[in-house]
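I opened this entry to keep track of what I looked up.

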Amino acid sequence: MATQRKSPSSESNGVSPADEKPTTSMRMPTSSARQSPFFPTRLEAQLIAIYPLTLLLGSVFSTLSPSTRNAPYSANLQSHPVEFAPSYFAQKKNVFNVYFVKVGWFWTTLAFGVFVGFHPSFGQGASARRLRALLRYGVVTTWWCFLTQWCFGPPLIDRGFRFTGGQCELLRDADARDDMSSPREYITAATCKAVGGTWKGGHDISGHVFLLILGSSLLWLEFLPALTRVEGLRDGRLITLPDGKVASVAVEKDLAKAEGEATARGVKFALGVAALMWWMLLMTAAYFHTWFEKFTGLLVAFAGLWTVYFLPRGVPQPANDKHAAITASGTNFTLTADGMSYLFHVDTATGDLISDHFGGPTTDFTPPAFVDQRGWVTTLGAYRREFPDVGRGDFRLPAIHIEHADGDTVTALRYQSHEISQGKPTLPGLPATYGSAGNVTTVTVHLYDNVSDVSAALLYSVFPKYNAIARSFSITNKGNSTISIERAASFSTDFPNVELEMIEPHGDWSHEFQTVRRTVDYGETTFRSTTGYSSHIHNPFFSLVSPTTTESTGEAWGFSLIWTGSFAATAQRFSNGYVRMLMGLNPLHASIPVAPGETFQSPEAVGVYSSEGLGGMSRSFHDLYRNHLSRAKFTDQTRPVLLNSWEGLGFKFNDTSLVKLAGEAEELGIELFVMDDGWFGVEYPRNNDTLGLGDWTPNPAKFPQGLRPFIDKVTSMKVLNEPKAMKFGIWVEPEMINPNSTLYHKHPDWVLHAGKHQRTLTRNQLVLNVGLPEVQDFMISTVSGILDSGNISYVKWDNNRGMHELSHPSDDYKYMLGLYRVIDNLTTSYPDVLFEGCASGGGRFDPGLLHYWSQSWTSDNTDASDRLTIQMGTSLVYPPSAMGCHISAVPNQLTGRNISIVYRGHVAMMCGSFGLELNPEELSPEESAALPSIMAAAKAVNPIVISGAFYRLAHPAHSNWPAVQFVSRDLTQSAVFAFQQSYRVKPAAPPLRLQGLDPKARYTNNWDNATYSGATYMNHGLNVAWKSGDYQSKLVWLDKV
């Protein structure tokens, strides 16, 4: 069934205001020229008008109805006598009056409590919106109490009765009458009636009318904003800003994500109570009280409601904190970091979000550039937009593209409201940055398409310390048919017409994170991964820089997608010169269905600005990802030195040979022994890569007694010269399967496949469809069983091929959600296990997995010279602390190079996880002699690698003498790695200029054992003397005096 599409309003005749009056520049929204904020909105006015109309209807009925008009009416009773009551509802003792109206405030309180307590629009816990609602309820309740119960003595209704000449007349109790010094001593209606008296003579405001109007209006005015937001209607309330301008209440109200239907979670009950109150108000108007009594009841109820709900709107709101990370003046939004500003606003004509600035600090909104709109590109196509769609005049690539059930692909999302909150919400089922109040502030902007019944919530979270903006969005289908997400760019913004260049990572297996720098010219500068994963070929990161930007100077913007699946990254320069950047899902792996009532959540993307070149951008990413993305306990801890069995033994091992290798590792001071591929398989033993993948049972031929006895032997060994025991780690590849496996023969439907098409093999294996819940459960139980089988402290999680046959483009998205569920479950259940990601090397070195795992294997290429380039490229966005790097044997298995073990060691210890990938007994005497000092240096430098600031001093692509530097957080220590790639007779090596030191402090160094100022090291530099020979390296320590 096609989606029920709303027809355009009669006012616009289907033409937007922007189309009716084309302009050459957009309007900046700062104020509203609408009515006073003291007055109700149109919707509120229609609601309030129900009450006088109800009283009028009831009173007219009582006058015109023969049975009511002819029935005797008692002014003292304020009703018809029971024996002459014209209706059941005309009797004071009717069940609704006794058990509902008489205790009406109890029902009001109960309905209010259920609604405020359970409706999702109030957020979680003691949210600001919930607290404000409780405050309003308290004030209204106080007004009800003062009028009907007590006001420092008699209630106001009784005071008014006596003021107008009324008193208590005792008719039945003679003794009480004789004891009275004055009949007026019984000064309340309750006490008068308690002694048998009659309350008469004055004007008696209708308490029933007052209570029923006050209670039902309280409920309506509380859940009206939630209902209008859920239904996609405009909440037209206004407030007065600090500068006296009137603006939409949306600039300050705290809204939470609306979930489900309008009547969900507490609203049904509140609606029922309010509806019954209206019915009893109609009955009261028809059968009880005089016209004037009912009218005054209406007035005093409205007086209280106006004081609580309308008067505060006209009081100027407190001015925004000038130092707040996010401020909103009207609908102009300013996101402020220590060295960055991000500005955007709402265009009043279109409801569209307009980009204003992303760069260095600024405080003001300025008029946009003039764009001549003659020709085909007008209105939206000439604007700089924050969340662009396609099909309404913007011919650039969109951030969001939705296909509706009827085939329509036009979406017109307009601004509705926003809220600013301290901290940052989690993204359901997805990895994301995190932080609490003081670290991050978030603004959520709500948009709605009234035609297609689709809502969007855009999240902007600013981390001031890191000059970083984290962005994501969700799309909720509020229609009655399934929609499809065809494009979803998590981060999109439009730059002005300035010269920009893109730095793009590229590569392949064993050739990861090479970079190319190209001009962003007219058209699209784009790259993407279609492998199903982030991949070696590209990485979900790119940088935009000014043409003059260097490693340490100039402007640089970095964009990183927190995602492990296929992605697309684009910088598009359009005819007007504006440059649109997009980072998000690959459209080829989208077409994600969203059923009615469901929500699509995009991955998160992070944007960083630096005025200190690429190095400043990288350090912002490093610190942000270490402190606010990677959640593993090991992220800020030094890592154990490990030995992996793969390059030493391959598949050819058993428990005896592994124990022997572990013993050799023990003698070297290894802290973690890792058993790699080849340990599993019963029916299909894993003796090569064609067998057993998916059958995670220890191979009985290799482990006759199972894993536990073998693991116990390894963990009983002691680390050399230390009292601690050696730890044990294991290799797994849970997402993959060999056709030659028991699992495949049992569940061939568990693999990714496209109908009857051939299932293509890579590395003799297929990919399990991790989007299936049963596959996820299998992976969780299998890996949990492995970890429970012995004292396992480390897991290397491998993934050795890309995705081929997908039955639907959205399978990749579902796969990733399933994978994140599995990994989240395992890392939560086993927080003391160190997980390392691997995908044929660096095929999934991405922020999505970094959220769960503190480190990843950087490349299968362990040639130290190649690795230096790979690691420096990876450091553009990822901290060296997250890299796994090992010394391997020479000649290198891949390149055949024979590089010294000192050079190999220095390259490997630049990473958070340092280790060996070799058989110790095959080391040369020279290598064996050098290894103890190399391992000691690795342990010494690891703390500064884990937490220090990283500087790329010279890149191997640009210098024969590459170098990097780590500086401790307190600037008291620095470690410098300097390299010579090939010996040059001439020219001389350039001076090695350092960075990041305290310029006024003095530092000693172990190169020439001299002491220099920080300024000298940074501006003059060190002249390192290199001996003849290729592939030399040095580690220079600096210590603050």
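I began with the largest nonpolar core, which has 187 residues. A nonpolar core here is a set of buried Ala, Val, Leu, Ile, Met, Phe, Trp, Tyr and Cys residues joined through side-chain atoms within 4.5 Å. Buried means under 20% relative accessible area, exposed over 50%, and partly exposed in between (1.4 Å probe, protein chains only). Ile475, Leu544, Phe673, Trp679 and Trp797 touch the most other members. Helix α23 (residues 925–947) gives this core its largest share, nine residues. Helices (H or I, at least four residues) and strands (E, at least two) are DSSP runs, numbered from the N terminus. I noted a separate core of 48 residues, including Tyr51 and Val300.

The model is predicted: local features need pLDDT of at least 70, side-chain atom pairs count only at pLDDT 80 or more, and totals for chains, interfaces and linings use all residues. Residues are numbered from 1 along each chain as its sequence is written, and side-chain values use heavy atoms, with hydrogens and water left out.

Next I checked Leu544. Leaving out residues up to four places away in sequence, I found Phe495, Trp557 and Met581 among its contacts. Contact means heavy atoms within 4.5 Å.

Then I turned to a sheet. Its four strands run in the order β5-β6-β7-β8; the sheet is open and the pairing antiparallel. Two strands pair if DSSP finds at least two bridges between them. β5 (326–329) and β8 (353–359) are the edges; each has a single partner strand, so one side of each lacks a neighbour in the sheet. β6 (residues 332–336) and β7 (residues 341–346) are joined by five bridges. Phe333 faces Phe344 of β7.

How many disulfides does a search of the whole structure find? I found one. A disulfide is a pair of cysteine sulfur atoms within 2.5 Å. Cys885 is joined to Cys911, S to S 1.9 Å. The link is left-handed, with -70° about the S-S bond. Cys885 sits in strand β33 (residues 883–888), and Cys911 in the loop between α22 (901–908) and β34 (913–917). The two are 26 residues apart. Both cysteines are buried.

Last, I read the UniProt record. Its unreviewed entry marks "transmembrane region" at residues 43–64, 104–122, 134–157, 205–227 and 269–289. Such annotations may be inferred rather than shown by experiment. In the model, residues 43–64 are 100% helix, with end C-alpha atoms 31 Å apart. Residues 269–289 are 90% helix, and their end C-alpha atoms lie 29 Å apart.
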